[in-house]
Amino acid sequence: MIEHAGQVAVGDHLPTLVKPPITRATLAYFCGASNDHNPMHIDPDAARAAGMDDVFAHGMLNMAYLGQLLTGWVAQERLRSFEVKFGAIVRLGEQLVCTGEVIEKELDGDRWRIGIRLRATNQAGEEKLTGEAVVALPAALVEAATPTTEH
Amino acid sequence: MTSTFVDIPIPPLVVEVEKWQLRFFAKAVGETNPIYFDETAARAAGHPSILAPPTYAVTLSLCEADPYARYRSLGIDWCRMLHAHQGFEYFTPIHAGDRLRFQSRIVDFIQRRQGRLKFLIEETEAWNQDDVLTTRFRKTIVIRDPEAQP
């Protein structure tokens, strides 16, 4: 986990997060867990009636995956903002590959403002989501007040 | 392009943040960090209880009998809605046991191509039991309605 600005430089890449392929079960779980009961994501009949080939992933499921990319890199309390554009729907069998790159590092008061560019593609590299996050980090890790043993 | 400010009243929504639902969400997204589903691990990491992940406020904001009713009142069919953009600003973390008050408003409702394409922008603030703003989020929904009558 990143804890201070000394560990971060513009151009750094976050460790890539590859999620499992989307299944109908994934979407059924997320429907219940997320309170988003829109039938487009769980009912193939409703999806076809609306002109889609089949059900597709909830945007907020895809965004949750990008959130995991971030919180796997830095503690969530450091996160100041997080936004995404849902560029293309994510279909059954597609697998999201979530990546992030540090594009900005600026001193802002007593904290460093770290800007991260986010991207999620499918396993074929086709772009699905793009976004940005801002993280605030202290300049250096504050020394823990651990007592030293002196004899 | 027509922008119609829509001032439909959206009553505040009060929601308790439940541990079981956070665990269910963690399972649904394949979360592996235990601070998002195990209270002991969350406390060991300095949290009062299980931590709500970064997008979870949207889930809480949908915790009502019919969260789509306000869109239906604008003539929007939920099967024609696509989520186009979502953004969060963060101020204070949300944990299990919090009691949140959601206040939403429709910021803009834009119609293009004689109503065949509509964009709805909604902003929500989530205030906790200490009256502290936890997060503010904004969603943009695009509605495709090829049969719209001009």
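I began inside chain B, where nine residues of domain 1 of chain B are in contact with 10 residues of domain 2 of chain B. A reminder to myself: this is a predicted model.

I then looked at the make-up of one side. On domain 1 of chain B, the residues touching domain 2 of chain B are five nonpolar, three polar and one charged.

Next I checked where the domains run. The assignment for chain B puts 2-17 + 53-144 in domain 1 and 18-51 in domain 2. I also looked up the spacing of the two domains of chain B, and their centres, taken over C-alpha atoms, are 24 Å apart.

After that I turned to the contact between the chains. I found 34 residues of chain A and 28 residues of chain B taking part.

Which elements of chain B each supply at least two residues to the side that touches chain A? I noted helix H1 (19-28), helix H3 (56-61) and strand S3 (81-90) of chain B. S3(B) gives the largest share of that side, with eight residues. By residue class, the side of chain B that touches chain A has 16 nonpolar, eight polar and four charged residues.

I picked out one pair to look up in the viewer: Lys85(A) has His85(B), in S3(B), as its bridge partner.

Definitions and conventions:
Residues are numbered from 1 along each chain as its sequence is written. Chains are lettered from A and ligands numbered from 1 in the order in which they are written. This is a predicted model: local features need pLDDT of at least 70, side-chain atom pairs count only at pLDDT 80 or more; totals for chains, interfaces and linings use all residues. Domain bounds come from an automatic or database domain assignment. Two residues are in contact if their C-beta atoms, placed from the backbone, lie within 7 Å. Ala, Val, Leu, Ile, Met, Phe, Trp, Tyr, Cys and Pro count as nonpolar, Asp, Glu, Lys and Arg as charged, and the others, Gly among them, as polar. Helices (H or I, at least four residues) and strands (E, at least two) are DSSP runs, numbered from the N terminus. Two strands pair if DSSP finds at least two bridges between them.
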